[in-house]
Amino acid sequence: MELMISLQPKQRQALKIAENSPVLFYGGAKGGGKSHLIRAREVIRRLKYPGTRGLIVRKSYPELLSNHIRKFFAEYPITRTWYNKSEKAIYWPGGSVTEFSYMKNEDDVFTYQGREYEDVSIDEITQHKELVFKILRTSVRTSNKEFIAAGGRPSVLLTGNPGGVGHGWVKRILVDRDFKEGENEDDFTFVQAFVQDNRALLDADPGYVRQLDDL
């Protein structure tokens with residue numbers, strides 16, 4: 001089985017950093033290819049490390065469906081045959097699982113206490129309060145000995161743009177690097193992504209930058 005994964009230079013840079021960073025924030029601007037990076041990383045990690053679990057989170061189900069589930073099927077058509085619609089999960093060959101979830105309300109995050117994931121990806125993190133990040137991060141751990149022996153490290157990938165209810169805490173920790181007691185600065189990495197880093201988008205839609213300027 002072969003899956004074609006296309007990444008641009010800034011995305012490849014972020015993917016490499018994410019292998020060794022407990023928390024990576026990729027983004028800071030619209031059009032930087034953030035959601036695509038999440039999906040590509042999920043494919044790579046679930047196949048590279050059999051028997052592992054990944055979680056992709058958006059704020060609402062319509063966003064989750066249009067920005068990730070349908071695009072997963074478009075970019076990697078074979079995954080449709082491994083998708084369980086009722087569980088919103090892809091069951092990969094080798095025993096890995098990718099779950100898709102949405103958190104419309106802040107309290108939804110408490111259903112994830114006690115769960116275990118090798119990877120959690122939160123798309124548009126600035127739509128969430130800090131509590132959502134903190135609770136989900138406690139689920140990023142592993143008891144998979146094969147994963148550890150292969151050099152794998154549990155990780156969190158965050159993407160986002162300025163604005164939103166989580167703008168302040170995201171900027172404080174990941175951009176300004178203004179840490180409070182108990183926060184380890186070595187755990188957090190920020191890779192700035194601009195629309196100019198997404199050549200595929202600009203080639204397909206040359207007028208997109210003008211739309212951003214108008215916005």
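Ring pairs join Phe72, Phe73, Tyr76, Trp82, Tyr83, Trp92 and Phe100 into a cluster. Rings of Phe, Tyr and Trp (its six-membered ring) count as a pair if their centres lie within 6.5 Å; planes under 30 degrees apart are stacked, over 60 edge-to-face and the rest tilted.

Before going on, a word on the model: it is predicted, local features need pLDDT of at least 70, side-chain atom pairs count only at pLDDT 80 or more, and totals for chains, interfaces and linings use all residues. Residues are numbered from 1 along each chain as its sequence is written, and side-chain values use heavy atoms, with hydrogens and water left out.

Across the whole structure, a search finds twelve aromatic pairs. Two of them are set out here.

| Pair | Centre to centre | Angle between planes | Class |
|---|---|---|---|
| Phe133 and Trp169 | 5.3 Å | 25 degrees | stacked |
| Phe179 and Phe188 | 5.8 Å | 25 degrees | stacked |

Phe133 belongs to helix H4 and Trp169 to helix H6 (residues 167–175), so this pair ties together parts 36 residues apart in sequence. Helices here are DSSP runs (H or I, at least four residues) and strands likewise (E, at least two), numbered from the N terminus. Phe133 is buried at 5% relative accessible area, and Trp169 is buried at 9%. Buried means under 20%, exposed over 50%, and partly exposed in between (1.4 Å probe, protein chains only). In the other pair, Phe188 is buried at 6%, while Phe179 is partly exposed at 21%.

Now to strand S5 (residues 97–102). Five of its six residues are buried, so S5 is largely enclosed by the rest of the structure. Strand S2 (residues 53–58) runs parallel to S5, joined by six bridges, with Val57 opposite Ser101. Strand S4 (residues 89–91) runs antiparallel to S5 through three bridges, and Ile90 has Thr98 as its bridge partner. Strands pair if DSSP finds at least two bridges between them. Five residues separate S4 and S5 in their hairpin, where Gly94 takes a positive phi near 100 degrees.

Finally, what does the side chain of Asn144 reach at 2.9 Å? The backbone nitrogen of Phe147. A polar atom of the Asn144 side chain also lies 3.0 Å from the backbone nitrogen of Glu146. Asn144 sits in the loop between helix H4 (130–137) and helix H5 (145–149) and is buried at 12% relative accessible area.

Terms used. Polar contact = N/O pair within 3.5 Å; in protein donor to acceptor, adjacent residues only side chain to side chain.
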